[in-house]
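Biologist: Could you help me learn to read a protein model?
Modeller: Gladly; let us look at it together.

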Amino acid sequence: MDGMHDLGGAEGFGPIDRSHEDEPFHEAWEGRMFAMAAAMARPADWTIDWFRYARECARPIDYMTLGYFDQWAKAYETLWVDCGLLTIGELEAGKSLRPAQPLAPPLRAEDIRGKAHHPPNPLRPDAAKPAFATGAAVRCKTSGHSGHTRLPSYARGKPGVIQAYYGPQLLPDAAAAGQERAEPLYSVLFKARHLWPEATASEDEVCLDLWESYLEPV
Amino acid sequence: MASFDGKRLSGIQRQLHSHLPSDPALRVKSLESLLVDKGYLDSGAVDAWVEIYSEQVGPKNGAAVVARAWCDPAFKARLLADGTAAVAEFDFVGRHNAKIVAVENKPEVHNLVVCTLCSCYPLALLGVPPTWYKANEYRARAVREPRAVLAEFCVVLPPGVKVRVWDSTSEARYFVLPQRPDGTEDLDEAALAALVTRNAMIGTALVQAPGEEKEA
């Protein structure tokens, strides 16, 4: 998706604000939002990529200006209204106005305290075989598409080298569209001088994780 | 059923904007009450999660991994070969990351981690990311002008040291294995772990020996 979220390499941004950098949450509601996202019951068709897509579909001015957990709140409100879990009227009222949908029960405190919490696993070790070998020269495809994708615009059309094979992982483009499809995933190394016009003399590098359908052989 | 329709999501976002208060504290409180009322959420679980991420899960997890890698060459080899399995040896609580990749700083290469598309971060090792990591400025600039970003964090690399930036575009979660500072040969694993900062594991700081000037 060509959206405000695709920030890598965008120019005009100023100094990085490092105030309050050692507090996990600046205000109590931020911690509540973070925790709700982990603890609440979810519809069976929810995926992390669908959530990311919901954030990307925010009003552009909201994406650029609202606080991080405020954007999470907006994304979850949007997702739950979309699938009918909640209505805008219920969100306005802060209480249930119609019967709940049957979902698996939410996590309880004892499910969380003292043990690891495993979100859905995106790895699919046996789902596909890699087309590219480590060391192969590749180029990112130039065309994106209008849905969710994890190919940033700054890498489109750029040449790189396969530096590691990570095995098949669920393809975010498909997961955000409600489909489960795994593809070989690679760590691809790019020279900064191939990415940025001003970096002609740079030896620096940028590595991205890219799915096989984002790449073509050179 | 989710619609999986981006235009529909954008439309709902605009409706929410015109119907709900702009103050996120009010909206989040209302959202929590509603989810509990519906039976979709247990407030006790929210309390437990906030407590764990405020007190138990944080950069000290990652620091313990780094210190062990410095002290135990066999562990370091396992960590670099399969970060997920090596970190699993620690039995941390909190959210599990499906794939963890440790990237090692060396005299000739300095690593820096970013997520330009959202905010992907090794939560299990470093806890909740700092606000600057999720900010537009860091996400836009880290891939394009990493040395200017590092200078803002008072990290100036000697000439000849290459910067390698890791843009976290998949479910792999990157963290930096910093270089062990000189003058720490006598320190044990716990004392070494105390030197390792969160920023050093993102790549925006170097680890300082005790008595050296602290990072800015």
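**Reading burial and charge**

Modeller: Glu212(B) has 38% relative accessibility, so Glu212(B) counts as partly exposed. This is a predicted model, where local features need pLDDT of at least 70, side-chain atom pairs count only at pLDDT 80 or more, and totals for chains, interfaces and linings use all residues. Residues are numbered from 1 along each chain as its sequence is written, chains are lettered from A and ligands numbered from 1 in the order in which they are written, and side-chain values use heavy atoms, leaving out hydrogens and water.

Biologist: Is Phe175(B) buried or exposed?

Modeller: Buried means under 20% relative accessible area, exposed over 50%, and partly exposed in between (1.4 Å probe, protein chains only). Phe175(B) has 0% relative accessibility, so Phe175(B) counts as buried. Across chain B, buried residues make up 58% of the 216 residues.

Biologist: Which residues does Phe175(B) touch?

Modeller: Contact means heavy atoms within 4.5 Å. Leaving aside residues up to four places away in sequence, Phe175(B) touches several residues, including Val65(B), Leu79(B), Val103(B) and Met201(B). Phe175(B) and Val103(B) are 72 residues apart along the chain, yet their C-alpha atoms are separated by 6.3 Å.

Biologist: How far apart are the mean positions of the positive and negative charges of chain B?

Modeller: Lys and Arg count as positive and Asp and Glu as negative, while His and the chain ends are not counted. Each charge is placed at NZ of Lys, CZ of Arg, CG of Asp or CD of Glu. In chain B, the mean positions of the 24 positive and 27 negative charges are 9 Å apart.
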